[in-house]
Amino acid sequence: MNGREQNSRWFLRGMKDGVPIAMGYFAVAFALGIAAKKAGMNAFQAGAMSALMLASAGQYAAITVIAAGGGYVQMAVTTLIVNLRYLLMSCALSQKVDQGMRLGHRFALSYPITDEIFGIAMSVEGRLNPFYNYGAAAIAAPGWTAGAFLGAAAGAILPQRVENALSVALYGMFLAIIIPAAKKDKIVAGIVAVSMLCSFLFTKAPVLREISSGMQIIILTVVIAGGAAYFFPVKEETKGGSTDES
């Protein structure tokens, strides 16, 4: 089998594995599109944002800053902080691919690094062919973009009652993310509780509530995440079976 045929097989395999991801992305992005419409964005703007940033939490953070009237710097810093986990995923993925891979492929692989695509890519046995990620992204990314576009478009014509009901799906997505992790780890559950309490205080306390929504997200993310990393470092197993703090 020559290189072109091998790449084609990897691409088709990635497309097959990307179908269920695309279906989930469409539903979540549709809710994000409605949120974007509420923030004053039109369907084309929402679709463009989704096409350029395949990140639900990062995109929602940016939409929140836009809705609050925040500036470009606040939006950029907030999005950067919320999306920092993708830097760690990229580092892990770089160990999975052929070390001689061309720089162009490395840059191309950086675009579709999402939680789900990262998960299926890391589960591939042996070395990862970049065309597997390309195939998954070829299905998942359009699903994400189309969902946001149609969500914003539908938000402009749907009755307010229906629009509000669909918006709940976005909060359901975040609950689906935090509840399994909180049930598995008491430390994570505690951090989630602290985050909710601090967020509530920032909306009610006389001085803190004067801080813009974008700055609130930045402060809470840096302080809580930094404190959790310092006081509760993750322990990784070494080859000898012992644990080291990282």
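In the predicted model, helix 1 and helix 8 pack with their axes 5 Å apart and at an angle of about 20°. The two helices are therefore roughly parallel to each other, the limit for this class being an angle under 35 degrees. The crossing in which helix 1 passes helix 8 is right-handed. Gly 18 belongs to helix 1 and touches Ala 136, Ile 139 and Ala 140, residues up to four places away in sequence being left out of the count. With a relative accessibility of 0%, Gly 18 counts as buried.

Ser 50, a residue of helix 2, has a relative accessible area of 0% and is buried. Beyond residues up to four places away in sequence, Ser 50 touches Trp 144, Thr 145 and Ala 148, together with Gln 59.

A further residue of helix 8, Ala 137, is buried at a relative accessible area of 12%, as the cut-off for burial is under 20%. When residues up to four places away in sequence are not counted, Ala 137 touches Pro 112, Ile 117 and Pro 142. The C-alpha atoms of Ala 137 and Leu 54 are separated by 9.9 Å, the two residues being 83 residues apart along the chain.

Ile 117, one of the residues touched by Ala 137, also takes part in the packing of helix 7 on helix 1. The axes of helix 1 and helix 7 are 10 Å apart, and the packing angle is about 165°. This angle makes helix 1 roughly antiparallel to helix 7. Helix 1 passes helix 7 in a right-handed crossing. The residues that meet are Asp 17, Ile 21 and Tyr 25 in helix 1 and Glu 116, Ile 117 and Ile 120 in helix 7.

The largest nonpolar core has 38 residues, of which Ile 63 and Leu 128 touch the most other members. Two or more residues are given to this core by each of helix 1 (3–38), helix 2 (43–52), helix 3 (56–67), helix 5 (85–94), helix 7 (115–122) and helix 8 (130–155). With eight residues, helix 8 gives the most. Apart from residues up to four places away in sequence, Ile 63 touches Leu 32, Ala 35, Ala 36, Ala 39, Met 41 and Met 49.

In helix 3, Ala 61 counts as buried at 5% relative accessibility. Residues up to four places away in sequence aside, Ala 61 touches Thr 78, Val 82 and Ile 217. The C-alpha atoms of Ala 61 and Asn 83 are 9.8 Å apart in space, for a separation of 22 residues in sequence.

At the level of the whole protein, the secondary structure comprises eleven helices and two strands. From the N terminus on, the order of elements is α-α-α-α-α-α-α-α-α-α-α-β-β. The protein has 246 residues, and buried residues make up 35% of them. Of the contacts between residues at least 6 apart in sequence, 71% join residues at least 24 apart.

Notes: Residues are numbered from 1 along each chain as its sequence is written. This is a predicted model: local features need pLDDT of at least 70, side-chain atom pairs count only at pLDDT 80 or more; totals for chains, interfaces and linings use all residues. Side-chain values use heavy atoms; hydrogens and water are left out. Helices (H or I, at least four residues) and strands (E, at least two) are DSSP runs, numbered from the N terminus. Buried means under 20% relative accessible area, exposed over 50%, partly exposed in between (1.4 Å probe, protein chains only). Contact means heavy atoms within 4.5 Å. A nonpolar core is a set of buried Ala, Val, Leu, Ile, Met, Phe, Trp, Tyr and Cys residues joined through side-chain atoms within 4.5 Å. Axes are lines fitted to C-alpha atoms, for helices over the stretch in contact, and angles run from 0 to 180 degrees between N-to-C directions. Angles under 35 degrees count as roughly parallel, over 145 as roughly antiparallel, 65 to 115 as roughly perpendicular and the rest as oblique. A crossing is left-handed if the near helix is turned anticlockwise from the far one by less than a right angle, and right-handed if clockwise.
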